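Student: I'd like a close look at just one part of this model: the place where the two chains meet. Take me through it piece by piece, please.

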Amino acid sequence: MLSIKNLHAEIEGQQILKGINLEVKAGEVHAIMGPNGSGKSTLASVLAGREEYEVTEGEVTFLGKDILDLAPEDRAHEGLFLAFQYPVEIPGVSSNNFLRTALNQTREYKGLEPLDAVNFLKLMKEKMALVEIDQKLINRSLNEGFSGGEKKRNEIFQMAVLEPKLSILDETDSGLDIDALRIVANGVNKLKSPDNATILVTHYQRLLDHIVPDFVHVLYNGQIVKSGDKSLALELEDKGYDWIKEEVDATIS
Amino acid sequence: MIDQLKHNFKTFETSLNGATKSNWHELRTEAFEAFAKNGFPKPKDEEYRYTQIARALEKTFDFSATPVAIDAVHGNKPLFYDSDAIHVFIDNGVVQKDSLTHTELDAIEIMTLEEATNKYPEEVKAHFGKYANVQKDPFTALNTAFSYEGVFIKVTKNTKIERPVLLHYSTDGNNSISQSRNLILVEQGAEVSIIESHTSHGDSAHFSNHVSEIVVGANANFNGYKLQHQHDKSYHVDNTFISQDRDSKAQTYTLTLEGKLIRNNLNFALEDENCEAHMFGLYVVRDNGHVDNHTNVDHKMPKCYSNEIYKGILDDKAKGVFNGKIFVRQDAQKTNAFQSNKNILLTDTASINTKPQLEIWADDVSCSHGCTTGQLDEEQLFYLRSRGVSKSSATAMLLHAFVNDVLDKINISFLHNFINEEISKRLD
Ligand SMILES: Nc1ncnc2c1ncn2[C@@H]1O[C@H](COP(=O)(O)OP(=O)(O)O)[C@@H](O)[C@H]1O
Ligand SMILES: [Mg+2]
């Protein structure tokens, strides 16, 4: 589904991604872990099409299509979704109107009829129940005045509505209490299918107790330096990142 | 040009055949002398520094015809219409008498100023030309000098007029000039909403010079909406003077959508205690449009509140000017004044000159102001796009959000809808 080959990216002349390789197939859950500042959010942003980052080398294909030249909205239309680490507040833009536009422009891209107001409302209700989000939040301006946890939940709600093929969840678990974490994880699990895939960017094992990954990767200094199965996450939880850093630094020197 | 106008002024005065010693005659003469002395704003004039209007006017217009009105604008459709409103049509500055069929309304009187001098001579004498300072602004002087009619509105005390009054101003001049004038008296405890809709037809240049004097009585409530939606060859200068008596409330909405060059001078005088003045402004300008809003609120007495929110979106090579003056006199203790001007520039070639001007002589005052100018927020734009919203829709959503807090203040639903649609057309 997603194939990243030797991806290099920089911002303001500073090289952040230094040759990422990653293959994600339908039905899989990948976890990307790694110390702060190693480039996890950068990778997520580059995949979603943030223009501030310049891809200097490498390629990314998604469902067989080269996506690096696609606009962010077209990547979304193709089925890519990024749950932001820090969702931005947009006062004055209603969640409802925004989501309906997003959904219908995606449907248009796929050659489907737009959902009318009634059916859209039905869909919203259904997804709200799925991710246990309060109608009151949806009635407000997009993320305006939301707590950290509410913002994260809203990301998962949008994901539920848009039904992407590949979801990248960038530290959706940080800042959530145990209950919220369970709800978010439940939402993700319910949306999982053999046709879609998930990339979880996380620091903590605790999310992976709820959403069990097929693969765990460690991203350090702009590269994936280690990959394994779910036991790698447990090992990281246990031993921290220092041993990996040492391993990598040793190979370099 | 001044010589030409002098000749015109003489002809004009004789043509009126009026009593040469009447109060109005003296006002005209004083105004004309002020204009003849000062002329149009000079290039270095501080008040018009960023709006070099004189050159443009002298180059484009033939002042020899001033102020002889051209034929009515026949058959032109108004910008918008709502059967709920009370309609008055003013074509090329001339009030269309047949549209004044409202005499049967008992709580509100609408007539020409000329009629008012016969029917309400005391009121006209007491208020006409009293607020519009001919020494301060040359356009006010020019307007007063050639004034002979206009719209007179009197709202009877302690009545609330439910239907908004809609003044349709149309111009279709051939490089011509028109002048229009209002005197609006909102008597004690009365309430009214008045919409001015300024539009132009045809495709040749036109200059309209508009002056309004609005007197808001004690405990009265005035809502003044001004919609400026002319075409890209229209020059428009507006001078509005609002005088508020104690415990009164006034809201103005200055909504500018199109025009070549627009200058608005909005003046509030808070004459007694406990007045509330709200100034809302919205300008969405494109191409080579130029919009200049000068506002001035004069806090003369204690415990008044003034609140100003102006927002602008400037596209292409559009230019904006905002100058907000808050003047708090020594007696005006416990004044509360707030001002904000926010702008979004959509291109590198659009520009805005924004300047707050606070002059405070009282010590117990709460005053705040702020202005911002910027582009659209990249992070917000990316967020929306990453969900599948096209760049143009996302831009429109953010611009709508930007103007919404001003739009939402418009309490007349048909006006709100009209402006919302016009802005959507422009933003989408
Ligand atoms: N906009 C930016 N400008 C400059 N440097 C940036 C920018 N965004 C991220 N970086 C740098 O890139 C590196 C990777 O950051 P990030 O991708 O956020 O890491 P992670 O998500 O793994 O914590 C950090 O060193 C960070 O300082
Ligand atoms: Mg991060």
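Tutor: Let's start with the polar contacts: 13 residue pairs make one between chain A and chain B, both residues at pLDDT 80 or more. A polar contact here is a pair of N or O atoms within 3.5 Å; within protein, one must be able to donate a hydrogen and the other to accept it, and residues adjacent in sequence count only if both atoms are side-chain atoms. On chain A's side, two or more residues each come from helix 1, helix 2 (72-78), strand 6 (80-83), strand 7 (90-94), helix 3 (95-109) and helix 6 (148-162). Helices (H or I, at least four residues) and strands (E, at least two) are DSSP runs, numbered from the N terminus. Helix 3 of chain A gives the largest share, six residues. By type, that side of chain A splits into 18 nonpolar, 10 polar and six charged residues. In that tally Ala, Val, Leu, Ile, Met, Phe, Trp, Tyr, Cys and Pro are nonpolar, Asp, Glu, Lys and Arg are charged, and the others, Gly among them, are polar.

Some housekeeping: this is a predicted model, so local features need pLDDT of at least 70 and side-chain atom pairs count only at pLDDT 80 or more, while totals for chains, interfaces and linings use all residues. Residues are numbered from 1 along each chain as its sequence is written, chains are lettered from A and ligands numbered from 1 in the order in which they are written, and side-chain values use heavy atoms, leaving out hydrogens and water.

Now the surface itself. Counting contact as heavy atoms within 4.5 Å, 34 residues of chain A touch 18 residues of chain B. Together the two chains bury about 2,000 Å², with 61% of it on carbon and sulfur atoms. On chain A, the residues that lose the most area to chain B are A:R50, A:E73 and A:V88, together 24% of what that side buries. Buried area is the accessible area (1.4 Å probe) that two parts lose on being put together, summed over both.

On to charges. Side chains of opposite charge can pair when their charged atoms come close. There are three salt bridges between chain A and chain B, a salt bridge being a side-chain nitrogen of Lys or Arg within 4 Å of a carboxyl oxygen of Asp or Glu. In one salt bridge, the side chains of A:E73 and B:R385 meet at 2.6 Å, N to O. Both A:E73 and B:R385 are buried, where buried means under 20% relative accessible area, exposed over 50%, and partly exposed in between (1.4 Å probe, protein chains only).

Then there's A:E155, which sits in helix 6 of chain A. A:E155 counts as buried because its relative accessibility is 0%. Leaving out residues up to four places away in sequence, A:E155 touches A:F81, A:L82, A:A83, A:F84, A:P87 and A:N143, plus B:Y383 and B:R387.

Last stop, helix 1 of chain A, residues 40-48: eight of its nine residues are buried. Those buried residues are A:K40, A:T42, A:L43, A:A44, A:S45, A:V46, A:L47 and A:A48. Just past the end of helix 1, A:G49 takes a positive phi of about 100 degrees.
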